[in-house]
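Please look at the model below before reading on.

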Amino acid sequence: MDIAALRDAHPDHWIKATAIRTLAMDAVQAANSGHPGMPMGMADVATVLFERHLKFDAKAPDWADRDRFILSAGHGSMLIYALLYLTGYEDMTLDQIRNFRQWGAITAGHPEYGHVTGVETTTGPLGQGLSNAVGFAMAEEKLRAEFGPKVVDHYTYVIAGDGCLMEGISHEAIGLAGHHKLGRLIVLWDNNDITIDGRVGLSDSTDQRARFAAAGWKVLSCDGHDPADIDRALSAAKGSDRPVLIDCKTIIGFGSPGKSDSSGAHGSPLGDAEIAATKKIYGWPHGPFEIPADVLADWRAIGARGAEARSAWEERFVTLSSTKQAEFTRRMSGATPKRLEAAIRAFKKQISESAPKVATRKSSEMTLEVINQVCPETMGGSADLTGSNNTKTAGLGVFSPTDRKGRYVYYGIREHGMAAAMNGMALHGGLKPYGGTFLCFTDYARGSMRLSALMGVPVTYVMTHDSIGLGEDGPTHQPVEHLAMLRATPNTHVFRPCDTVETAEAWELALTSTRTPSVLALTRQNLPTYRTEHKVRNLTAQGAYVLAEAEGKRQAILLATGSEVEIAMTARDMLQAEGIGTRVVSLPCWELFEEQPEAYRRKVLPAGPVRVAIEAGIRFGWDRWLFGERGRREKSGFVGMHGFGASAPAPDLYREFGITPEATVAKVKALLG
């Protein structure tokens, strides 16, 4: 590539793009770690995008109708950090760039949502940003249909690399986007033909352009180092009735005489000598982190370019009715309707009086019938298990290319893509997504569920068929380790309700959460209602509470979740009949119980009585409650699973695996001696 010719042909563009490249080289060198090659290769594309196409205002980074820019290839984080500094985002200072990857800096190794203004989603695990972007684009379509193009009218732009397209989640995402004809989604593929191991051809021979076209995308291409050609492709991408892939042919480590177009520029500093040689080729005589005042001024003008569009949007917004303005503002803030609390309370009262015996997946559906009436922001869905997850309620309508107002998404067999898209919807704002599959298949959604927790995005995961209680489908579908895995994930609320009242309370907590995702682990089998005395207070919010008190001297405490609360209550009756005073503690959410004051935890789990935990999952984690919290190892026991399940009717499985009232009674007696 003739760099001198490019400099001469596009001098204004060249100097701005070079500012990105040099900041990336200098920051990675100072940190002695990072990925300089990708920002160097995509600087031209990013410069054209930000200067001529992206609708944003650096002084109003939360403007609701801004275009969204997502760096899916998060290892190239210095690309977005350089752009944010150059365009004038207030928190992205030159000192932050200098402290790239250091303790206390917002410039983490991979872009993190919530740490940096202008970073729309956390990326780094490849393919996640691309897949989040599908959710962003779905949210834009949904809200535009609901509030009108005067208020919602923007694009979602993504820079994705070869690794993003190799990850399996990308297949789910591009299929979903193509099916829904998300024409406001534009993906810029950094086609540099390099991975850490070397040439892409070492591991992959996929025709990516044909792949996207087969999924229903419009496919364009450009020379990723020619600003005029990049501009042409971006202009052609707009107004499409389908999502667009732009194949940007680039050179990784562009300009580096010794490392460009090789894996040597991918994941390590270039070295001082190589940086000096590269800057000489660029015609950049400035020192580390030095940006000439005129170049910075040009970039700051780009950052201010969107102020006029934002001002025009604000003028349009105030022409809406006050009711519509208030509703849009509420929706984008994430606040729930004031009516929700009263609606849940009335539903709980009704359930306490009628005491239905239903599976908690049905309890969830009954609760959603109430919630979806008062919360227009809910966006439901399922990964091809709608009838099993009970996630679709009357009147939602189906989101599709012909009905953008629909509030239910048929995700198909795409658990990971569903979870990532829900993250994108929640991050976009204006929607509260929930989606269902079997609890066992959290394995397929795990990457995105972890990112929900890491980002603090309050997505709700409706995970049904939560134990061996699902029966004949067998151990491939029976979760035994999954509750432990989910509970081990920081900043995740795992709810396993024992009846419809607890399920309603869990839903209320999930929808009002602002920084924590929720998992609702729900049964296939029917369960009785135990909360027959109506309580206005949300007891599930305490994480654990005394469901049934001991009669006489308290000698045993049975702790249980979900379907095993029924076993605990039956065992209690048997023990009480023998004069053994037994308390039953329902523990629907461990994480919330841990947050309670020590005095409350002591009240629920006092010292003295023997303790037995009952759960149709593995023991891992239960010792926290059995011989922590004033318990004793020699006076505690566990009734549950110790391996994988089997294929048989649910009652037979509970009997054969020894998860029964009789086994619980025997365990208590043995501990009492």
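Predicted model: local features only at pLDDT ≥ 70, side-chain atom pairs only at ≥ 80, totals over all residues.

**Helices that cross**

Q: Why are helix 8 and helix 18 called roughly perpendicular to each other?
A: Helix 8 (residues 168-179) and helix 18 (residues 415-428) pack with their axes 8 Å apart, at an angle of about 70°. Axes are lines fitted to C-alpha atoms, for helices over the stretch in contact, and angles run from 0 to 180 degrees between N-to-C directions. Under 35 degrees counts as roughly parallel, over 145 as roughly antiparallel, 65 to 115 as roughly perpendicular and the rest as oblique, and helix 8 and helix 18 are therefore roughly perpendicular. Their contact (heavy atoms within 4.5 Å) is made by I169, E172 and L176 of helix 8 together with E415, H416, G417, A420 and A421 of helix 18. By class, the contact of helix 8 with helix 18 has four nonpolar, two polar and two charged residues, where Ala, Val, Leu, Ile, Met, Phe, Trp, Tyr, Cys and Pro count as nonpolar, Asp, Glu, Lys and Arg as charged, and the others, Gly among them, as polar.

Q: What makes helix 2 and helix 12 roughly perpendicular to each other?
A: The axes of helix 2 (residues 11-31) and helix 12 (residues 293-304) come within 10 Å and cross at roughly 95°, and the two helices are therefore roughly perpendicular. On one side of this contact stand I15, K16, A19 and I20 of helix 2, and on the other V295, D298, W299 and I302 of helix 12. The residues of the contact of helix 2 with helix 12 divide into six nonpolar, no polar and two charged.

Q: How do you know that helix 6 and helix 14 are roughly antiparallel to each other?
A: Helix 6 (residues 128-147) and helix 14 (residues 322-333) pack at about 165°, with their axes 12 Å apart, and are therefore roughly antiparallel. The crossing of helix 6 and helix 14 is right-handed. L143, E146 and F147 in helix 6 meet K324, E327, F328, R331 and M332 in helix 14, and the residues of this contact divide into four nonpolar, no polar and four charged.

**Sheets and their edges**

Q: What makes strand 10 and strand 13 edge strands?
A: An open sheet of six strands has the order 10-9-11-12-14-13, with parallel pairing; two strands pair if DSSP finds at least two bridges between them. Strand 10 (408-410) and strand 13 (493-495) each have a single partner strand, so one side of each is left without a neighbour in the sheet. The twist averages 20° from one strand to the next.

Q: How many bridges join strand 11 to strand 12?
A: Five bridges join strand 11 (residues 432-438) to strand 12 (residues 460-464), and these strands run parallel. The bridge partner of G436 is V462 in strand 12.

Q: Why do strand 16 and strand 20 stand at the edges?
A: Five strands form an open sheet in the order 16-18-17-19-20, with mixed pairing. Strand 16 (545-548) and strand 20 (636-640) have a single partner strand each, so one side of each lacks a neighbour in the sheet.

**The whole chain**

Q: How do you know that the radius of gyration agrees with a compact globule?
A: With 673 residues, a compact globule would have a radius of gyration near 26 Å, and the chain has 28 Å, which agrees; the radius is taken over C-alpha atoms, and the rule is 2.2 Å times the number of residues to the power 0.38. The secondary structure of the chain comes to 27 helices and 20 strands, which are DSSP runs numbered from the N terminus (helices H or I, at least four residues; strands E, at least two).

Methods
Residues numbered from 1 in each chain as written. Heavy atoms only, no water. Left-handed = near helix turned anticlockwise from the far one by under 90°.
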